[in-house]
Amino acid sequence: KHATPLLDELETGPWPSFVTGLKRLRDAEDRPFAPMMNDLLGQLEHSYEERKGFWKGGTVSVFGYGGGVIPRFSEVADQFPASKEFHTLRIQPPAGYHYTTELLRQMCDVWEKHGSGLIAFHGQSGDIMFQGCSTENTQKAFDEFNEMGLDLGGAGPALRTSMSCVGHARCEKSCYDEVKAHRTVINSFLDEMHRPALPYKFKFKFSGCPNDCVNAIHRSDFAVLGTWRDAMKVNQDEVKAYVVAHGRKYTIDSVIAMCPTRALSLNDDDTLDVDNKSCVRCMHCLNVMPKALHPGDDRGVSILLGGKRSLKVGDLMGTMIIPFMKLETDEEFDALVEFARKLIDFFAENALEHERIGECMDRIGLPAFLEAIGVAPDPNMVNHPRTSSYVRTDDFTAEAEKYFERKAREADLTVAGD
Amino acid sequence: KHATPLLDELETGPWPSFVTGLKRLRDAEDRPFAPMMNDLLGQLEHSYEERKGFWKGGTVSVFGYGGGVIPRFSEVADQFPASKEFHTLRIQPPAGYHYTTELLRQMCDVWEKHGSGLIAFHGQSGDIMFQGCSTENTQKAFDEFNEMGLDLGGAGPALRTSMSCVGHARCEKSCYDEVKAHRTVINSFLDEMHRPALPYKFKFKFSGCPNDCVNAIHRSDFAVLGTWRDAMKVNQDEVKAYVVAHGRKYTIDSVIAMCPTRALSLNDDDTLDVDNKSCVRCMHCLNVMPKALHPGDDRGVSILLGGKRSLKVGDLMGTMIIPFMKLETDEEFDALVEFARKLIDFFAENALEHERIGECMDRIGLPAFLEAIGVAPDPNMVNHPRTSSYVRTDDFTAEAEKYFERKAREADLTVAGD
Amino acid sequence: MNAPAQPRRPIESGVPDPFPFMHPLMKKNYGNWDWHDRPRPGVLRHVARNGDEIWTVKAGTQRQMDVFSVRKLCEIADTFAEGYVRFTTRSNIEFMVSTQDKVEPLIDALTSAGFPVGGTGNSVSMISHTQGWLHCDIPGTDASGVVKSLMDMMYDEFIKEEMPNRVKITTSCCQINCGGQGDISINVQYTKPPKINHDLVSKICERPAVVARCPVAAIRPAMVNGKPSLEVDEQKCVCCGACYPPCPPMQINGADSTKIAVWVGGKHSNARSKPSFHKLVVANLPNNAPRWPEVAEVVRKILYAYKDNAKDWERMGEWIERIGWPRFFELTGFAFTKHHLDTWTGSRKTMNMSAHVHF
Amino acid sequence: MNAPAQPRRPIESGVPDPFPFMHPLMKKNYGNWDWHDRPRPGVLRHVARNGDEIWTVKAGTQRQMDVFSVRKLCEIADTFAEGYVRFTTRSNIEFMVSTQDKVEPLIDALTSAGFPVGGTGNSVSMISHTQGWLHCDIPGTDASGVVKSLMDMMYDEFIKEEMPNRVKITTSCCQINCGGQGDISINVQYTKPPKINHDLVSKICERPAVVARCPVAAIRPAMVNGKPSLEVDEQKCVCCGACYPPCPPMQINGADSTKIAVWVGGKHSNARSKPSFHKLVVANLPNNAPRWPEVAEVVRKILYAYKDNAKDWERMGEWIERIGWPRFFELTGFAFTKHHLDTWTGSRKTMNMSAHVHF
Ligand code: SRM
Ligand code: SRM
Ligand code: SRM
Ligand code: SRM
Ligand code: SF4
Ligand code: SF4
Ligand code: SF4
Ligand code: SF4
Ligand code: SF4
Ligand code: SF4
Ligand code: SF4
Ligand code: SF4
């Protein structure tokens with residue numbers, strides 16, 4: 001066994017130690033992975049000494065798929081031969097991360113047989129990461145997972161594994177069926193996930209409300225967030241109870257004065273005055289008073305496009321592109337898939353190599369992007385209209401006509417739909 | 001007399017009509033300017049017909065000065081010969097725009113003799129604009145104005161005429177002596193005004209408080225705004241009186257909830273709780289309750305640099321560069337002038353031709369700009385520190401040391417100064 | 001013209017000292033004012049720490065004034081006020097008197113001489129004003145005419161104080177925008193690239209200077225008909241008109257190109273929200289001299305949507321922030337188009353990168 | 001290794017249906033929850049519209065788990081809970097039970113097995129986690145080690161709910177920042193341009209691809225010692241490390257270059273303020289494995305300044321917005337330097353273009 005004096009220091013302290021876990025695997029001498037984990041610890045200790053990583057990439061995949069495995073080959077395999085291959089299988093979890101103990105145990109069984117015994121719940125993109133597999137065993141492990149009903153996730157220039165919040169399953173704020181949205185959308189594009197052929201990665205994330213518990217706006221190319229269009233629901237008795245419990249001054253300072261658009265006012269009788277036209281659905285007052293305030297009934301989703309981390313252009317957050325879309329009937333879910341398809345097609349055809357869709361939007365400009373994807377400009381897309389006069393507006397009147405026609409059409413539709 | 005059917009339409013309606021004024025001048029047949037104003041009206045009517053301007057520039061100045069006159073030669077002088085030259089003399093008014101009727105009448109006298117009889121109080125930069133002078137009379141008119149104690153203002157690539165708000169003269173919000181600041185600064189750099197030799201224009205503006213009644217932040221390269229460092233003064237009796245007069249709900253909605261940094265809270269006894277550490281001196285609550293709230297005693301100025309209109313880079317507002325500077329003693333006024341001198345020198349040496357200082361700051365970046373003018377970075381200069389990790393920080397620790405040394409020095413100074 | 005025998009050297013006196021021209025009570029209490037109120041529209045009462053009071057009566061002027069108007073104002077000041085006046089940042093005139101009883105007669109005198117009393121507090125003040133056809137060498141429209149037309153339309157809002165907060169309006173007669181930012185801004189907006197008069201370019205333009213002025217590098221030196229001229233890449237050109245002042249043959253003005261745009265939500269004060277730039281509402285309005293009725297109608301709609309819907313102390317832009325731009329376009333009835341999406345440097349930061357939405 | 005006789009075709013089943021694995025009460029009340037509260041740290045009670053209640057007990061894990069830990073958690077779930085668990089966005093584990101009386105025994109079982117119960121509401125939750133030396137091919141540090149060290153330091157704040165609001169911390173082991181934005185973010189920050197291993201470049205790098213990756217166009221193809229290689233303009237290079245993944249000979253890591261920076265005020269939720277990016281506090285901290293004490297100390301100072309000074313419901317960034325950055329640097333004792341001034345695209349909009357100042 002390799003000595004690990006530096007790593008040993010990570011076994012002190014109250015938080016569960018991954019080092020202790022790694023050692024348990026190393027010490028399970030009856031198991032096939034013990035030697036691999038001994039050398040893995042050796043290499044990791046070496047990294048701690050040298051303060052450098054010693055893995056390099058390569059190419060490993062399973063039959064029929066081009067992605068989903070992250071290959072790792074050791075650069076110090078001569079010193080640590082048993083962990084010279086230490087690939088990760090990215091496996092998509094059940095939407096919303098629900099598990100029975102039975103499912104978890106089955107996974108452990110497979111991974112004890114073919115892998116390292118090391119599993120991460122979950123990667124930042126939402127995969128179960130089965131970390132540490134030899135090239136030889138990769139196919140075997142996958143076959144068994146796949147037979148259990150599990151499938152590989154994304155890697156490389158491809159559609160990536162997605163995430164959805166607990167939402168409908170246990171959250172009163174949820175404004176749409178996250179599980180259905182997550183599965184319907186992702187399962188419509190599995191080819192893009194398994195056979196990487198996009199210009200670069202493409203991520204979807206699904207949050208049930210603007211609290212965004214899966215960080216969709218920052219961390220996905222296509223963020224779907226629940227919201228509502230009508231008035232929030234107010235239980236004035238619960239409001240009064242809150243004021244009694246917390247005091248007037250406290251209520252004013254931490255609810256009224258914290259509303260970002262001054263949509264709230266406390267009446268002199270301690271009931272709440274909500275100006276729903278000014279409310280931006282930020283969730284704050286609903287969060288503070290979960291018994292008193294709830295989303296309205298006319299629920300649906302907003303879609304924001306273009307979030308990503310820092311490469312090349314710097315961090316980007318998603319931009320509001322679809323302020324509201326109903327998402328209840330099957331037709332409405334189909335419409336979401338169709339919109340997603342339009343985006344992926346646009347991305348495939350227009351993005352440069354290694355360019356995310358947010359970068360592409362920035363490069364061509366929002367007006368051209370909207371035209372390309374066939375979405376009409378909407379003031380909710382921007383913090384405010386342009387402040388710069390540097391634009392050629394000779395077709396302004398024609399563009400305005402389009403807007404008025406669209407509004408007339410929508411008004412008709414609304415009437416027709418009533 | 002030229003027929004002016006289009007201009008005549010501007011004589012209807014209740015607002016004072018400049019056309020009626022122009023006609024009064026045209027019709028004053030005993031005065032030297034009547035023919036000029038007849039042709040001026042003719043040319044203006046022609047503009048209204050053609051919807052085009054018909055003036056072009058040229059070169060006209062007074063002896064000893066390079067700027068301050070805006071030359072205008074008619075492109076349609078063949079049709080309107082009497083107004084073929086129609087130059088403007090930009091004359092600096094008394095700081096704060098104070099006039100006796102005597103002074104105004106003297107100005108009228110001069111302008112009836114040598115000019116068109118048309119005067120604008122004032123131009124957007126703050127000049128009295130004596131509009132409409134022949135080349136021949138320009139020197140004569142200037143000589144008479146100059147003898148009265150008036151001087152030309154700026155034009156071209158030069159220091160420009162400045163403005164200061166009424167401030168100390170009649171406003172309870174004023175935090176420094178605007179007249180003294182305005183006159184001391186501008187009169188220190190008259191050479192830069194009268195003999196244009198800067199890369200481009202350079203404007204100072206002086207507002208007594210952050211209400212910024214002379215639009216300094218948007219419209220000047222060097223904006224001086226009054227502010228204070230200690231706690232605001234609160235007269236709780238007047239606060240209570242306000243609440244009684246306006247109601248609790250109204251007071252909360254229009255004062256407490258409108259404070260940009262939630263620095264205010266209304267106590268249950270209707271007194272005001274001010275968190276002066278969070279207050280950003282926006283003036284709102286002081287504006288709403290002028291009897292109850294006043295600036296603190298430790299007053300001074302903030303300086304913002306780089307405001308301008310839209311040419312080339314788009315509109316820029318001034319950036320906070322000096323969050324606080326005392327401005328009471330003569331030495332402190334000298335320090336302001338010295339800082340202004342440093343800026344003008346920096347501008348003269350570093351700006352490209354036709355580049356404003358704000359554009360120059362943007363081009364070289366705030367860190368380099370601060371280094372060049374010898375000002376230490378301060379968090380009040382930014383909305384927030386950098387969000388981008390794209391920066392080389394190997395000297396971070398050395399830079400931090402400088403900060404700690406500076407803070408220690410300042411602490412010493414404060415102690416020594418106490 | 002005879003050359004003067006001995007040219008006179010200027011006295012470089014700079015900014016005149018205002019104290020000789022300042023009302024005695026203002027001089028006496030300089031830096032010592034305590035509070036103020038507005039007893040009625042157009043009238044301010046300032047109270048000094050020592051209890052002194054000064055009454056200000058404010059009136060509108062046409063800014064570009066004939067000497068007769070100026071003399072008329074002087075006459076009123078001498079007869080009904082105390083001989084002291086000042087002009088404000090917005091070309092209104094203020095008369096200061098030391099007792100309340102002088103206020104009403106002064107108001108009467110001003111009103112009957114045709115000078116509207118108002119412009120204080122939460123009224124619509126005089127429009128910031130530029131030169132236009134009267135004097136500038138590059139104007140697309142006439143500032144004074146636009147201002148006169150609009151002030152006629154808003155006359156009642158000048159003499160009353162019925163707005164939610166101060167309304168500060170500006171105009172500019174070309175895109176250079178000497179008038180600056182405003183709660184409402186009425187500015188020339190060119191809609192076509194300049195037409196080049198090639199014959200003149202070679203004669204009067206310094207070509208590198210013109211090329212350098214273009215913000216999008218759309219201008220290239222070129223030979224046209226064998227003479228050195230310029231050419232414009234019309235795909236790139238943002239129709240800003242910046243090439244026109246240094247090179248008048250770059251003809252930016254024309255009936256099909258010189259249009260008017262209306263912007264809202266510019267703000268200079270630091271009260272509540274930070275200062276802001278104005279934002280586009282409508283472009284491509286006709287440059288319809290002498291009374292610009294289409295422009296007046298747009299301004300009217302915006303102004304009354306604000307008056308009817310904003311809360312006290314909300315400036316135009318702050319009101320819109322609260323109710324949201326979707327509702328602003330709804331309430332005013334204007335169209336939101338692709339041109340409202342910013343495309344200039346930094347436009348990414350104008351996008352709504354949040355789930356905050358207004359319905 | 002024998003080639004498999006008949007390669008198995010994958011079943012492209014995609015995202016698994018979670019309903020077979022979902023707690024029955026969650027299935028029953030799917031989409032019909034009414035409200036929730038937190039009876040104690042680590043415990044949530046959700047009440048359905050029909051009155052059903054479900055109790056959730058939440059515990060921390062090390063994320064990168066050995067099968068023995070996973071089996072241990074399963075054992076606890078079977079014995080003390082009802083056999084259903086879920087993991088959260090932050091790798092915490094949740095046990096759902098249908099009656100309150102099952103809560104305490106479950107907490108005891110978890111605690112004695114070494115899994116801290118907490119992470120709910122206004123606690124410090126588990127740190128978002130990346131790969132580091134354990135698995136990534138480009139890491140500057142070890143994410144798991146940093147996280148373990150910090151969670152030890154903040155253990156009490158995980159099991160208590162004493163923060164003004166939720167605290168969401170992230171780490172990233174290179175500047176690519178897979179860990180994302182956080183109330184506090186602990187990220188590798190390279191401080192020097194890459195050192196080029198010229199011998200290797202020609203062998204393994206596709207040079208145009210590397211050149212294209214650089215955000216500031218600092219990389220040029222060049223001949224070095226007669227072989228095709230690359231060169232870096234060190235004046236331009238912003239030390240981002242983006243050239244390293246496509247071209248490992250662009251050695252960005254090294255003791256003098258791989259440092260750690262701490263950022264604050266990133267926020268994903270739309271509650272109150274819009275989502276925001278994190279902002280720089282301290283750079284150049286040593287990459288001091290195995291316990292990163294200097295980093296822990298910085299995080300501790302920030303965390304407790306927040307705990308002691310923020311108001312209820314203020315997230316880290318919102319607290320700082322209120323009190324101002326000057327005061328944040330004062331309260332935490334860190335230096336504000338030129339490196340805190342943004343220089344990247346759009347930096348003009350990060351400047352304070354107002355008279356709003358904090359003293
Ligand atoms: C494993 C994981 C970190 C973790 O431990 O959780 C990870 C690991 C890597 N990320 Fe990531 N990223 C992971 C989630 C993310 C996220 C978070 C998310 O998806 O919510 C982001 C930010 C969001 C985004 O997509 O921008 C993220 C932004 C990146 C980027 C920057 C992309 C950009 O456009 O700025 C790269 C670089 C690249 O793609 O070239 C990257 C590249 C990588 C690579 C492939 C490094 C490389 O180029 O060789 C890392 C492989 C490590 C390994 O050995 O497994 N990873 N990466 C996460 C994926 C696990 C999973 O599948 O569940
Ligand atoms: C007269 C005046 C408008 C008025 O009617 O009030 C005016 C008129 C002109 N301005 Fe202006 N500007 C006037 C105040 C302003 C202001 C407002 C201010 O100073 O507060 C601005 C915005 C602030 C600023 O400095 O940016 C302003 C921004 C410009 C610009 C744009 C500068 C930029 O960097 O973006 C130009 C163009 C230039 O300088 O090349 C310009 C250029 C001009 C020229 C010289 C046009 C030209 O290039 O030939 C105009 C001469 C008109 C004439 O015939 O008199 N004028 N100009 C104002 C000066 C009167 C005075 O001296 O009191
Ligand atoms: C006279 C004048 C200064 C001068 O030296 O000439 C002035 C005088 C006063 N201003 Fe002003 N402001 C004057 C131009 C401005 C400007 C600039 C402008 O008009 O172009 C601004 C910035 C406008 C902007 O933000 O775009 C300005 C923004 C304010 C504010 C902030 C309002 C806000 O909520 O944003 C206040 C505070 C208030 O309303 O109580 C203020 C308050 C005041 C007070 C109440 C100050 C005082 O206590 O005496 C004065 C009352 C005047 C009145 O008529 O109600 N003054 N004030 C200017 C009159 C211009 C006019 O005739 O309309
Ligand atoms: C379980 C989880 C969703 C999941 O599907 O896994 C979840 C669950 C809940 N979140 Fe969340 N959030 C979860 C990750 C997040 C994240 C993402 C993250 O942690 O990376 C965010 C965004 C963080 C950010 O802004 O950077 C998040 C921002 C919120 C907020 C907004 C807080 C704010 O004021 O900004 C609320 C509202 C609240 O606090 O009442 C919220 C509220 C809730 C509620 C109260 C919803 C409900 O009514 O049930 C849940 C209580 C959980 C608790 O432990 O207190 N949840 N929540 C995630 C638990 C992560 C963890 O273990 O710490
Ligand atoms: S995002 Fe909203 S719906 Fe989803 S778990 Fe969080 S609070 Fe609930
Ligand atoms: S949800 Fe947010 S925006 Fe809407 S009323 Fe509540 S606090 Fe205000
Ligand atoms: S800027 Fe301030 S001090 Fe000057 S007049 Fe306006 S309110 Fe008074
Ligand atoms: S001056 Fe402005 S920031 Fe300060 S307390 Fe008053 S409203 Fe708040
Ligand atoms: S806005 Fe343009 S046209 Fe009008 S005065 Fe200024 S420079 Fe001249
Ligand atoms: S109008 Fe503006 S953008 Fe067009 S060519 Fe002239 S300077 Fe360039
Ligand atoms: S942050 Fe960098 S080093 Fe860490 S996992 Fe992501 S790509 Fe690898
Ligand atoms: S580290 Fe970044 S900036 Fe420097 S050369 Fe590499 S890619 Fe370019």
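## Helix H12 of chain B

The expected span of a helix is 1.5 Å times one less than its number of residues. Keep that in mind for helix H12 of chain B in this predicted model: H12(B) covers residues 330-350, which makes 21 residues. From its first C-alpha to its last it reaches 30 Å, close to the 30 Å expected.

Which residues of H12(B) are buried? They are B:Phe333, B:Leu336, B:Val337, B:Phe339, B:Ala340, B:Leu343, B:Ile344, B:Phe346 and B:Phe347.

## Helix H4 of chain B

Helix H4 of chain B runs through residues 101-114.

Where does B:Cys213 lie? Look in the loop of chain B between strand S9 (204-207) and helix H8 (216-219).

## Two helices in chain D

Over in chain D, look at helix H9 (residues 316-323) and helix H10 (residues 325-332). Two packed helices are described by the angle between their axes and the distance between the axes. Here the axes come within 6 Å and cross at roughly 110 degrees, so H9(D) and H10(D) are roughly perpendicular to each other.

On the H9(D) side, D:Trp319, D:Ile320, D:Glu321 and D:Ile323 make the contact, meeting D:Trp325, D:Arg327, D:Phe328 and D:Leu331 of H10(D). Sorted by class, that contact has six nonpolar residues, two charged ones and no polar ones.

Technical notes: Residues numbered from 1 in each chain as written. Chains lettered and ligands numbered in written order. Predicted model: local features only at pLDDT ≥ 70, side-chain atom pairs only at ≥ 80, totals over all residues. Heavy atoms only, no water. Helix = DSSP H or I, 4+ residues; strand = E, 2+ residues; numbered from the N terminus. Axes fitted to C-alpha atoms, helices over the stretch in contact; angles between N-to-C directions. Parallel < 35°, antiparallel > 145°, perpendicular 65-115°, else oblique. Contact = heavy atoms within 4.5 Å. Nonpolar A, V, L, I, M, F, W, Y, C, P; charged D, E, K, R; others polar. Buried < 20%, exposed > 50% of the residue type's maximum accessible area, 1.4 Å probe, protein only.
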